[in-house]
Amino acid sequence: PSYSYNVDRRDFDRILRSAARRHGATHVDLKATMADDGRGGVELTGECNDVAREILDGPPDVIVDASGRHALIERTLGLKSSLGSRNDVALFAHLDSATLEHKGHIHVDRLKHGWSWRIPLRDRTSVGLVVSRDHLARYGDTAAEQYDSMLNAFPRLAARVSGSRRLSSVLKYTNYQRHATQLHGQNWVLVGDAAGFVDPVFSTGVYLALHGATLVADALIDGAPARLVEYERAWLPELRRWRRIISHWYDGRLLALLRVGGVMSRAPGGSHVDRH
């Protein structure tokens, strides 16, 4: 299929790496290290620089930062980023089982100070909690303590994961409503989460990463510097649009629109209005 959803991240990454190799990419299993070159660009350092020069017969023309939330180039150059209005924390892990009212669907539950997700995967369920940072400390000190305590704190959610066990460690994400304010420079460009991640609520991460990467690939293949300018001008508004949609999710306007749409579609003449 030409699309994917509810996929295991490990399988997805493996498929992407295999496809890249088939199309001529060289995969080097080495941690990237870099430094500010003092001219608005970045340069690889240490063993990373040695290996790149050997493969490319010189320094790379462009360094594409797809390092995700590590945001290596942003940190290296001290670039500014734009933060969203929310101050939430996401905790999530994979469980061996969880109750799903609708098989195959993503499930969302409203909590007292946030919301939770249940995403069915092939042999497990991703269960996550998104809560305000102000309420997190009361549930424990470590991510695992906070996660387990919160699962048990909400009876309806606790019943849906009763008897399940964790198959992964608990991951904790903070400050995820952020994006860089500059997406390319002297010899670099940002894609995926390194460019920006707006919120997990609509599972937009894979879409934003792959669509943005496609635009960057087309720009680099074209070779004209103006194409990266076009990418930045197109992609920053895209991230801001998603942030606005997500703000409507949190303040209730999006659900209100859905309800109004349902009412209108059943009203006399509503089917004609519904298309708009």
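**Figure 1. The lining of the second largest pocket draws its largest share, four residues, from strand 6.** This is a predicted model, in which local features need pLDDT of at least 70, side-chain atom pairs count only at pLDDT 80 or more, and totals for chains, interfaces and linings use all residues. Residues are numbered from 1 along each chain as its sequence is written, and side-chain values use heavy atoms, with hydrogens and water left out. A pocket is found on a 1 Å grid over the protein atoms alone: it is an open set of points where a 1.4 Å probe fits, with protein on both sides within 12 Å along at least five of seven lines. Lining residues have an atom within 4 Å of a point. Helices (H or I, at least four residues) and strands (E, at least two) are DSSP runs, numbered from the N terminus.

The second largest pocket holds about 380 Å³ of space. That volume is the space filled by probe spheres set on the points, with grid points joined across faces, edges and corners. Its lining has 17 residues. Arg110, Gly114, Trp115, Trp249 and Leu255 lie nearest the centre. At least two lining residues come from each of strand 6 (107–111), strand 7 (114–120), strand 8 and helix 7 (225–251). By type, the lining has eight nonpolar, four polar and five charged residues. Here Ala, Val, Leu, Ile, Met, Phe, Trp, Tyr, Cys and Pro count as nonpolar, Asp, Glu, Lys and Arg as charged, and the others, Gly among them, as polar.

**Figure 2. Strand 5 (residues 88–95) is mostly covered.** Eight of its eight residues are buried. Buried means under 20% relative accessible area, exposed over 50%, and partly exposed in between (1.4 Å probe, protein chains only). In a regular strand, side chains alternate between the two faces of the sheet. In strand 5, Asp88, Ala90, Phe92 and His94 point one way. Val89, Leu91, Ala93 and Leu95 point the other way.

**Figure 3. Strand 5 pairs with strand 8 (residues 125–132) and with strand 9 (residues 171–174).** Two strands pair if DSSP finds at least two bridges between them. Strands 5 and 8 are antiparallel and share eight bridges. Leu95 stands opposite Thr125 of strand 8. Strands 5 and 9 also run antiparallel, joined by four bridges. Here Phe92 faces Leu171 of strand 9.

**Figure 4. Asp96 and Arg165 form a salt bridge.** Side chains of opposite charge can pair when their charged atoms come close. A salt bridge is a side-chain nitrogen of Lys or Arg within 4 Å of a carboxyl oxygen of Asp or Glu. By this rule the count comes to 17. For Asp96 and Arg165, the closest N and O atoms are 3.5 Å apart. Asp96 lies in the loop between strand 5 and strand 6, and Arg165 in the loop between helix 5 (155–160) and strand 9, so the pair ties together parts 69 residues apart in sequence. Asp96 is partly exposed at 29% relative accessibility, whereas Arg165 is exposed at 53%.

**Figure 5. Asp148 and Arg166 form another salt bridge.** Their closest N and O atoms are 3.0 Å apart. Asp148 sits in helix 4 (residues 143–153), and Arg166 in the loop between helix 5 and strand 9. The pair links distant parts of the chain, 18 residues apart. Asp148 is partly exposed, with a relative accessible area of 30%. Arg166 is partly exposed too, at 33%.

Figure 6. Glu238 is buried at 13% relative accessible area, whereas Arg241 is partly exposed at 46%. Elsewhere, salt bridges that share partners join Glu101, Asp109, Arg118 and Arg160 into one network.

**Figure 7. Asp57 and Ala71 have positive phi values.** Most residues other than glycine have a negative phi. Phi of Asp57 is near 60 degrees. Asp57 lies in the loop between helix 2 (46–56) and strand 3 (63–65), and is exposed at 73% relative accessibility. Phi of Ala71 is near 45 degrees. Ala71 belongs to the loop between strand 3 and helix 3 (72–77), and is buried at 4% relative accessible area.
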